[in-house]
Amino acid sequence: MLQTVWVSSPGSQNLRESERHPEGKKRRWRCRFVRTIIQHPCRRHAPKRPGKARMLRKIQICLCFCFVSGILYEISLLSSCVFNYLPMSQRYLTPEQVLNLGKSIIFLETTERLEPPPLVSCSVESAARIYQDRPIILFMKGLTNETALDLNTSYAAFSLLSSMKNVFIFPLQMETIFQETPLLQWYNQVVPEQEKNWVHVSSDASRLALIWKYGGIYMDTDVISIRPIPEESFLAAQKSRFSSNGIFGFPAHHKFIWDCMENFVLKYNGDIWGNQGPFLMTRMLKTLCNLTDFEGTEDHSCQNISFLNPQRFYPIPYPAWSRYYQVWDKSPNFSHSYALHLWNFMNHNRKVVVAGSNTLAEKLYKAYCPTTYQDLVQNGKQEHFPGLEDAV
């Protein structure tokens with residue numbers, strides 16, 4: 001409830017005789033004070049120059065309006081309200097402007113393809129639905145600054161994703177990303193054409209640089225989000241004593257990520273798959289923590305970094321990856337999971353989601369990326385689905 005604030009105004013110390021009358025003195029005493037919040041001045045004894053008073057009052061109102069507007073604008077940047085207005089100018093925003101909003105969810109596509117397959121679309125859409133107050137960014141190497149991304153594009157996935165208020169699609173420009181990081185020297189010396197695992201190695205490097213510079217959460221494009229991750233600084237255990245790099249989150253300029261980038265360069269070996277990825281994260285975590293086996297569904301913590309239980313993202317381990325594409329007698333509820341990694345590297349795009357197949361993957365699409373699923377059905381993106389007869 002607003003209260004009236006009284007502020008003393010200057011006045012003569014010598015009172016006229018008429019002012020010494022008790023009633024007169026009381027009345028004039030009241031009019032020698034100014035009510036600065038809501039209350040109006042005494043009309044019977046208004047100032048001699050009402051025009052100037054009205055002008056001052058208008059200035060006060062304008063200043064108050066500007067102050068309140070500024071506060072509301074700052075609040076909107078921290079809430080989902082900001083995304084109600086961003087789509088109108090999405091194409092004019094730079095990656096830095098979006099990343100600087102904070103707490104981005106970052107996806108990377110380091111191949112040259114320009115049409116994200118349904119699983120990529122599902123991963124981005126599910127994140128956009130779960131994290132509605134955060135920017136969801138898909139960086140694509142195949143894009144250029146001249147590539148037009150609008151609702152009339154010939155690429156259906158672009159239309160689908162760009163129609164979501166908090167989804168942004170940008171070109172992946174590695175030389176820019178690696179600036180002011182230990183990775184720039186490595187990038188200037190490496191020869192991509194001679195690298196055995198360049199698609200994966202360049203992705204491993206890019207995700208480190210982006211999270212170090214801007215903070216947020218990185219996710220692989222085969223991760224389906226099912227509920228918010230409550231941690232800010234975390235690594236995801238793929239199994240006991242072994243970290244993945246398929247999903248992790250840190251605030252900007254976190255020392256652990258900087259140390260990972262330095263080790264990336266120092267221990268670089270592009271011929272060993274995962275040496276710059278999950279093996280890097282694991283060996284760096286071991287320098288800080290004495291890793292032990294997980295028991296039950298508890299998480300571990302070390303040096304203010306949460307090492308999350310395999311159940312959080314990998315309830316189905318990679319040797320059993322095909323179970324996502326099988327029919328289950330009773331589907332699991334994944335009550336201990338924040339997201340699900342579908343192991344597309346193991347799949348090699350052989351198994352796909354088919355409408356009406358009743359597989360676990362199809363049920364996940366229906367629940368967490370319904371727009372992608374509807375697009376899949378309407379556009380007939382259905383292929384032969386091996387293994388439908390296998391039930392678990």
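Are cysteine 122 and cysteine 369 buried or exposed? Both of them are buried, where buried means under 20% relative accessible area, exposed over 50%, and partly exposed anything in between, with a 1.4 Å probe and protein chains only. Before going on, keep in mind that this is a predicted model: local features need pLDDT of at least 70, side-chain atom pairs count only at pLDDT 80 or more, and totals for chains, interfaces and linings use all residues. Residues are numbered from 1 along each chain as its sequence is written, and side-chain values use heavy atoms, with hydrogens and water left out.

Let's stay with the cysteines. A disulfide is a covalent bond between the sulfur atoms of two cysteines; here one is called when a pair of cysteine sulfur atoms lies within 2.5 Å. That rule gives two disulfides. In one, the sulfur atoms of cysteine 122 and cysteine 369 sit 2.0 Å apart. The torsion about this S-S bond is about -85°, so the disulfide is left-handed. The bond links distant parts of the chain: cysteine 122 belongs to helix α4 (residues 118-130), while cysteine 369 is in the loop between α12 (360-368) and α13 (370-378), 247 residues apart. Helices (H or I, at least four residues) and strands (E, at least two) are DSSP runs, numbered from the N terminus.

The other disulfide joins cysteine 289 to cysteine 302, with an S to S distance of 2.1 Å. Cysteine 289 lies in the loop between α10 (278-286) and β10 (300-302), and cysteine 302 in strand β10, 13 residues apart. Its torsion is about -110°, so this disulfide is left-handed too. Cysteine 289 counts as buried at 11% relative accessibility, and cysteine 302 is buried with a relative accessible area of 17%. If you number the bonded cysteines in sequence order, the pairing reads 1-4, 2-3. Cysteine 260 is buried as well, with a relative accessible area of 0%.

Now for the open spaces. On a 1 Å grid over the protein atoms alone, a pocket is an open set of points with protein on both sides within 12 Å along at least five of seven lines, a cavity is a set where a 1.4 Å probe fits but cannot get out, and lining residues have an atom within 4 Å of a point. Points are joined across faces, edges and corners, and a volume is the space filled by probe spheres set on them. The second largest pocket holds about 960 Å³. Of its 37 lining residues, His200, Asp220, Asp222, Trp273 and Phe345 are the closest to the centre. By class, the lining has 15 nonpolar, 15 polar and seven charged residues; Ala, Val, Leu, Ile, Met, Phe, Trp, Tyr, Cys and Pro count as nonpolar, Asp, Glu, Lys and Arg as charged, and the others, Gly among them, as polar.

Which helix gives the most to that lining? The answer is α8, with five residues. Elements supplying at least two residues each include α4 and α10, along with β3 (105-109) and β9 (242-250). Helix α8 (198-214) has 17 residues and reaches 24 Å from its first C-alpha to its last, close to the 24 Å expected at 1.5 Å a residue (1.5 Å times one less than the number of residues). Of those 17 residues, 14 are buried, so α8 is largely enclosed by the rest of the structure. Just after α8 comes glycine 215, with a positive phi of about 75°.

There are also two cavities of 30 Å³ or more. The second largest cavity has a volume of about 40 Å³, and its lining includes Asn197, His200, Asp204 and Trp273. Three of the lining residues are nonpolar, six polar and one charged.

Finally, the strands, which pair if DSSP finds at least two bridges between them. Strand β4 (residues 136-140) runs parallel to β5, joined by five bridges, and isoleucine 137 stands opposite phenylalanine 168 in β5. Five of the five residues of β5 (residues 167-171) are buried, so this strand is largely enclosed by the rest of the structure. Val167, Ile169 and Pro171 point one way from β5, and Phe168 and Phe170 the other way. Elsewhere, β3 and strand β6 (residues 216-219) pair in the parallel sense over two bridges, with isoleucine 105 partnering isoleucine 217. Strand β6 also runs antiparallel to β9 over four bridges, where glycine 216 has phenylalanine 250 as its bridge partner.
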